[in-house]
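Good morning. Please look at the structure on the screen first.

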There are 2 protein chains.
Amino acid sequence: MEEAIKEALKAKEKKEVPIGAVVVYQGKVIGRGHNIRETSQDATTHAELLAIKEACHYKGNWRLEECQLFVTLEPCPMCSGGIILARLESVYFGAMDPKAGTAGSLMNLLADERFNHQPYMESGILEEECGELLRTFFKELRERNKQKKRDKQAVIEKEV
Amino acid sequence: MEEAIKEALKAKEKKEVPIGAVVVYQGKVIGRGHNIRETSQDATTHAELLAIKEACHYKGNWRLEECQLFVTLEPCPMCSGGIILARLESVYFGAMDPKAGTAGSLMNLLADERFNHQPYMESGILEEECGELLRTFFKELRERNKQKKRDKQAVIEKEV
């Protein structure tokens with residue numbers, strides 16, 4: 001999970017929502033990814049999907065049956081779907097996502113037996129650290145936005 | 001939808017499960033994709049996700065709010081998630097997917113108001129044609145597999 005947090009920090013440096021993921025095979029990281037939605041302007045560039053793509057490329061195989069995914073935040077529907085499609089052996093995640101998480105929060109796609117694969121799953125891994133990264137990011141974002149608003153107001157008042 | 005079917009035919013030529021998708025903006029196709037899971041050996045290379053990626057790239061924006069997606073088969077969880085994330089205005093699909101479809105079959109992620117976007121959705125567009133492509137593909141696949149088995153048996157009997 002520490003490697004996933006390193007990825008999340010890379011996202012933070014790019015002023016992206018700090019979420020990171022890695023895919024591990026036989027104890028080795030074979031896929032890494034961090035959220036780059038704003039940088040890439042591509043809605044599909046979530047940490048998990050990028051890490052899965054890299055791992056598939058590494059293995060030369062779309063099946064990641066003996067691989068583990070570590071991700072700092074509970075996966076969304078797209079990433080949960082990607083995890084099922086890639087047949088990942090197991091998924092370990094940090095913080096819950098009550099707004100869009102589909103590995104326990106809104107529903108649990110990963111445990112839905114109607115799909116043809118159900119990975120083993122554990123949540124709450126380094127939860128405090130993973131969650132704190134996000135809370136700090138959004139707090140700072142709100143403060144920046146407030147400051148912008150104050151600056152704008154000051155300019156208007158100066159002009160009037 | 002005819003453009004999506006053209007994409008599905010490209011997948012068929014590559015011996016991939018024939019599913020195709022296009023993203024349309026102001027009447028123009030700005031993203032195309034067909035399933036290339038076996039060719040790419042990447043679990044995430046579904047038709048819809050590839051079309052969404054191309055459309056985001058074309059627009060230079062992860063938001064596809066004024067765009068429509070046409071896809072020959074009901075989206076899976078990953079692609080349904082991608083549709084929500086890209087904020088597509090509407091989704092039109094052909095055949096239902098009773099095994100993994102999450103736009104009406106197993107559940108309806110696209111209409112779930114707990115997510116921050118719900119696209120307009122219509123199913124059954126050129127359903128017969130879209131479904132027939134898949135039925136023929138799987139029928140031929142089964143026949144090829146049966147023939148392989150027969151050939152193998154013939155070799156064994158010859159050797160005995």
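A residue counts as buried when its relative accessible area is under 20%, as exposed over 50%, and as partly exposed in between. Keep that in mind. What you see is a predicted model.

Start with A:E7. Is A:E7 buried or exposed? Its relative accessibility is 2%, so A:E7 is buried. Its side chain forms a salt bridge with that of A:R32, at 2.6 Å from N to O. This pair joins distant parts of the chain: A:E7 belongs to helix α1 of chain A, A:R32 to strand β2, and 25 residues separate them. A:R32 has a relative accessible area of 26%, so A:R32 is partly exposed. Both residues also belong to a network of salt bridges, together with A:E3, A:K6 and A:K10.

Why can such pairs form? Side chains of opposite charge can pair when their charged atoms come close.

Next pair. A:R114 and A:D112 meet through their side chains in a salt bridge of 2.9 Å, N to O. A:D112 is buried at 14% relative accessibility, while A:R114 is partly exposed at 44%.

In chain B, B:R37 and B:E38 form a salt bridge, with 3.7 Å between the closest N and O atoms. B:R37 is partly exposed at 22%, and B:E38 is partly exposed at 36%. Over all chains, the count is 18 salt bridges.

Last, B:E127, in helix α5 of chain B. B:E127 is partly exposed, at 39%. Setting aside neighbours within four places in sequence, B:E127 contacts B:G94, B:A95 and B:M96. Its C-alpha atom lies 7.9 Å from that of B:F93, 34 residues away along the chain.

How values were computed. Residues numbered from 1 in each chain as written. Chains lettered and ligands numbered in written order. Predicted model: local features only at pLDDT ≥ 70, side-chain atom pairs only at ≥ 80, totals over all residues. Heavy atoms only, no water. Helix = DSSP H or I, 4+ residues; strand = E, 2+ residues; numbered from the N terminus. Buried < 20%, exposed > 50% of the residue type's maximum accessible area, 1.4 Å probe, protein only. Contact = heavy atoms within 4.5 Å. Salt bridge = Lys/Arg side-chain N within 4 Å of Asp/Glu carboxyl O.
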